[in-house]
Amino acid sequence: MDKTFSGILAAGALMASVPWLGLPAFYESFLYLICHWIILAMSWNILSGYSGYFSFGHGVFFGVGMYTTAGLAGKLDWPFLATLPLAALIPAVLGVLLGAVVFRVKAVRGELFALLTLAVTFVVATIIINTRIDGGPGVYLMSVSVPKLGPSQPSSMYLMVLIVAVITALIAYKVQQSKLGVGLFAIHDDEDVAEVMGVPTYRYKLLAFAISSALAGLAGGIHALFVQYVTVGETFNITVPLTVVLMSCLGGSRHWAGPAVGAVLITTMLYFFTAGNNPVMGKAVVGIVLIVVILFMPNGVMGFFLRRRAEQAARRSRDAEAGRAHAPPAAVQPEPPALQPSLPTFAPVATGEVLLQARGLSKAFKGVQALSDVDLQVYKGEILGLLGPNGSGKSTFINVVSGHYPATGGTYAFEGRELVGMAAHEVAQSGIARTYQIPRPFMHLTVLENVILSAMFGGASMNRQQATEEARRCLSFTGLAHKAESLPDDLNLHQRKFLELARALAARPRLVLLDEVLSGMTPSEIDEAIVLIRRIRDQGATIVFVEHVMRAVVALCDRVAVLNHGKLLAVGPMQQVMSDPAVVNAYLGKPHA
């Protein structure tokens, strides 16, 4: 059990002693409200803060939980505790059903997702008020017995909500530390890249939605007994989702404890001004605080401290670089240590064994034929250069093979397994990794976390500890070990390109697709990259190399394939292909007398 997990339990145990301290009941009611908002804010954050799918519909799951308990306990005389599992289950099912529809539509992101979830709130409220679930007058729970957990009824309510708040905090922390949390943060930064790197984005979003909805519903079930009178007007309004959004933004949505910090601060401020008969002033102060936070701490209180820590790490790395710059010449650019033999080794030349087979592979974009009936074989152990003028279909070939784009015709197989129709994360998990022509790191994850994600979700499918060790080896291999704790913003283009290589390598791929990895580099940086790519092949990876830098192609490639206007013109050794009349014509045009 780690220190944070133990700390949450210890804090919960300490808070549980309050009812036996002889304090006025006021404190129990106040602490109840704090715990209540902690549950709602942290549960919202598991979906919206972690994955970036901003929801204004959290109130609907809270309200469904309230009405589940109100209906079962208040109308059907169920024991209160027996209603709580259903108060969590029914909102979770609703969340999964909603997510199963909207998460399949790529256009429903950002503000569209937020508006859609808000609309669902009003739809559910209309159904409840016009059926026997409510019928108009609301539901009373005055006759429902409160389970005796403490010395008084208010203390029992407080202890119940405290237990759920502790459970919610433990879940939020464990989700953030788990493979699910890593995947959700990647979805937040760049969902398309996350999918291509092996994250099952659809499944992870559904799971996060289910957890978020269940915890909100559980909070609603307890709150129904606390207020003892449940109405649609008081339950399904904008107050709940708006408040939890403000709490999460204030505390910081990218840290599991951020929403709890925001909940404590806002609840305390509102309760202070309400007790002083200045509720309007309290709301105004909360608004001012949020404006200040947005202007000066846009990532919230916890985000501010996390950013400070990242800046300190970046400063230490800059100091280390400055120290190396003044070191003796032999120590200026040490040869990066060889990566551990984590990949299967085989001769770094073409073996004749087909690793990737494309047959009639085609891709069209609204009538524009980017690839047209491409037949191409990639042999195990080779570096195949993919050449052609701009717009010839080279990057499209990479995008189709990696699953970033679906093929519109033909098939392709990897190690004899057909990949057409497979999701991009399944392609990645089969043993294919890629880089992007313009680096696309996850900007809110550190350099180390970027590589850890690839090791966890790619073909290697490692646990967190194994992935961390592998990521550190890959960063050392690519010369980025000193940047491990920095954010991608602190890297130059050369370092970002090498981060792309480190991410691809951490997946332990059998096929690496390099998309113009040398573009934008200086001659000396290109020389470093050539050495690094050769060493990657020597570690056991087959490479498809899209590049315009011809000296790198000559230095690295066993064979080259030339594309033009989406068609394959020639394949073979460099000298043979470049003397082909069709290739000469594609590059230089037809001579005219």
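I take a polar contact to be a pair of N or O atoms within 3.5 Å, where within protein one atom must be able to donate a hydrogen and the other to accept it, and where residues adjacent in sequence count only if both atoms are side-chain atoms. The model I am reading is predicted, so I note that local features need pLDDT of at least 70, that side-chain atom pairs count only at pLDDT 80 or more, and that totals for chains, interfaces and linings use all residues. Residues are numbered from 1 along each chain as its sequence is written, and side-chain values use heavy atoms, with hydrogens and water left out.

**Entry: Glu500**

I looked up Glu500 with this definition in hand and found that its side chain makes a polar contact with the side chain of Arg503, at 2.8 Å. Glu500 sits in helix α18, residues 493-506, helices being DSSP runs of H or I with at least four residues and strands runs of E with at least two, numbered from the N terminus. Glu500 counts as buried because its relative accessibility is 2%, the limit for buried being under 20% relative accessible area with a 1.4 Å probe and protein chains only. With neighbours within four places in sequence set aside, I find Glu500 in contact with Thr435, Tyr436, Pro439, Arg440 and Pro441, contact meaning heavy atoms within 4.5 Å.

**Entry: Met247**

Not counting residues up to four places away in sequence, Met247 touches Trp37, Ala41, Gly258, Pro259, Gly262, Ala263, Ile266 and Thr267. I also looked up Asp190, which is 57 residues from Met247 along the chain, and the C-alpha atoms of the two are separated by 25 Å.

**Entry: domains**

I noted two domains, domain 1 (7-246) and domain 2 (354-588), with bounds that come from an automatic or database domain assignment. Their C-alpha centres lie 43 Å apart, and I find 18 residues of domain 1 in contact with 23 residues of domain 2.

**Entry: whole protein**

I recorded 22 helices and twelve strands, and a C-alpha trace that spans about 95 × 60 × 45 Å along its principal axes. Of the 593 residues, 54% count as buried. Among contacts with a separation of 6 or more, 74% are between residues 24 or more positions apart.

Key:
Buried means under 20% relative accessible area, exposed over 50%, partly exposed in between (1.4 Å probe, protein chains only).
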